[in-house]
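The questions below ask what each label rests on. Each answer sets a value against its cut-off.

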Amino acid sequence: MIYAGRADALRGPLMSASPTDAVPPGSVPPPRESTQPQPGLWDLFVGFLSVAVVAFGGVLPIARRAVVERYRWVSAEEFTELVGLAQFLPGPNIVNLSVVIGGRFRGPAGALAAVLGLTLVPMAIVIGLGVLFARYADIAGVADTLAGLAAAAAGLVIATAARMAEPLWKRPRPEPIAIAAAAFLAIAVAGWPLLPVMLTLAPVSLALFWWRLT
Amino acid sequence: MKTDPIGALAAHFLTVSLLAVGGANAVLPEMHRQVVEQAGWMTDAQFSQTFAIAQAAPGPNVMVVTLIGWHVAGLVGALVATAAMCAPTCVLAYLVGGVWHRFRAARWRRVMQAALVPMTIGLIAASGVVLAQGAARGPGTLALTMASAAVLFFTRLSPLWVLAAGAALGALRLI
């Protein structure tokens with residue numbers, strides 16, 4: 001039970017001060033203020049649901065507003081830290097973020113409640129949209145609408161990559177530019193499978209950054 | 001491969017999940033490679049449109065996986081694909097989330113975080129190109145993709161407006 005320590009520590013200074021309830025050293029979470037809210041499973045579900053249904057093309061800023069400013073589940077510093085973790089881990093970033101926040105408060109059940117809150121309603125909406133577009137796909141106007149939508153959505157992804165790449169050309173250094181270019185060429189131009197590309201590039205990138213940052 | 005789409009969907013997205021270091025949008029070319037080129041579940045254009053519908057709907061980026069699963073094998077396909085994409089990394093996130101803070105100052109943590117960024121940038125840029133190729137029907141759609149990228153890069157306009165504008169231009173047959 002990784003998160004048991006956190007739950008005990010939140011109950012109050014008396015309990016966590018007693019030796020039998022001592023949290024194992026090393027797994028001590030960052031200190032929190034006593035006014036910190038303690039969301040239940042339903043709160044976590046509804047909280048992430050409220051993030052998901054208003055999140056168009058970029059969940060992170062909306063999630064930040066909700067969990068830091070509205071619900072005050074985590075501090076701004078913790079949020080930045082957790083985003084770093086979510087981006088570092090494989091898998092959908094925002095889903096990872098909800099797992100960590102949900103798990104922090106309510107263990108596995110909290111993680112599940114947060115993930116379901118984030119995904120259930122969007123799944124229903126996206127399938128509903130898919131059904132609609134598929135049913136009327138034969139109508140020329142619908143096909144043309146979809147073509148325009150798809151072209152604009154591709155631009156959205158290109159803009160995301162360009163935004164992320166800004167630090168690369170504002171403070172240009174050869175190593176990160178070479179890694180980014182190699183990943184792009186291997187996938188977009190050569191069309192190679194992702195697994196061998198990552199198994200090659202990740203160690204190279206790690207070695208370069210290890211040498212640079214240490 | 002077409003005999004058991006559910007099993008193939010699960011196997012595919014379990015793999016993709018663990019490769020999705022830059023999030024769902026970084027693995028779109030890999031999804032495209034398997035879903036369009038190898039399994040033949042949808043066409044190039046359908047793939048780009050599926051992504052577009054998922055973007056136009058609210059929710060996390062991973063919804064594109066739900067929609068691919070639905071396209072291939074209905075509701076069961078949608079649920080299986082989404083679960084396969086989320087479950088392994090959710091377990092990983094849960095486990096690592098408990099100890100992550102302990103390594104706040106660790107050198108390897110900073111190195112790994114920094115090293116993954118340029119790779120992610122390259123992969124997401126590749127996703128953009130793969131989607132643009134699938135969406136391209138001629139000079140009009142290509143121009144729309146570039147205009148959309150420029151607007152979203154240089155302004156703080158909500159992506160939803162750009163998607164709506166693209167859909168409207170398409171509906172009016174202006175592209």
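**Labels and their grounds**

Q: Why is B:Thr50 called buried?
A: B:Thr50 has 28 other C-beta atoms within 10 Å. A residue is buried if 20 or more other C-beta atoms lie within 10 Å of its own, exposed if 12 or fewer, and partly exposed in between, with C-beta atoms placed from the backbone. B:Thr50 therefore counts as buried.

Q: What kind of model is this, and how are its parts named?
A: It is a predicted model, in which local features need pLDDT of at least 70, side-chain atom pairs count only at pLDDT 80 or more, and totals for chains, interfaces and linings use all residues. Residues are numbered from 1 along each chain as its sequence is written, while chains are lettered from A and ligands numbered from 1 in the order in which they are written.

Q: Where is B:Thr50 found, and which residues does B:Thr50 touch?
A: B:Thr50 is found in helix α3 (residues 44-56) of chain B. Helices are DSSP runs (H or I, at least four residues), as are strands (E, at least two), numbered from the N terminus. Not counting residues up to four places away in sequence, B:Thr50 touches B:Met42, B:Val64, B:Leu67, B:Ile68 and B:His71; contact requires C-beta atoms, placed from the backbone, within 7 Å.

Q: How many helices and strands does each chain have?
A: Chain A has 9 helices and 0 strands. Chain B has 7 helices and 0 strands.

Q: What percentage of each chain counts as buried?
A: In chain A the figure is 39% of 214 residues. In chain B it is 55% of 175 residues.

Q: Why are α8(A) and α9(A) called roughly antiparallel?
A: Two packed helices are described by the angle between their axes and the distance between the axes. For α8(A) and α9(A) the angle is about 180 degrees and the axes are 10 Å apart. Axes are lines fitted to C-alpha atoms, for helices over the stretch in contact, and angles run from 0 to 180 degrees between N-to-C directions. Angles under 35 degrees count as roughly parallel, over 145 as roughly antiparallel, 65 to 115 as roughly perpendicular and the rest as oblique. The pair is therefore roughly antiparallel.

Q: Which residue classes make up the contact of α8(A) with α9(A)?
A: There are 9 nonpolar, 1 polar and 2 charged residues. Nonpolar covers Ala, Val, Leu, Ile, Met, Phe, Trp, Tyr, Cys and Pro; charged covers Asp, Glu, Lys and Arg; the others, Gly among them, are polar.

Q: What makes α6(A) and α4(B) roughly antiparallel?
A: Helix α4 of chain B (residues 63-99) packs with α6(A) at about 165 degrees, the axes being 11 Å apart. The two helices are therefore roughly antiparallel to each other. Their contact has 18 nonpolar, 9 polar and 1 charged residues.

Q: How many residues does each chain give to the contact between chains A and B?
A: Chain A gives 88 residues and chain B gives 95. On the side of chain A that touches chain B, the largest share, 24 residues, comes from α7(A). By class, that side has 66 nonpolar, 19 polar and 3 charged residues.

How values were computed:
Two residues are in contact if their C-beta atoms, placed from the backbone, lie within 7 Å.
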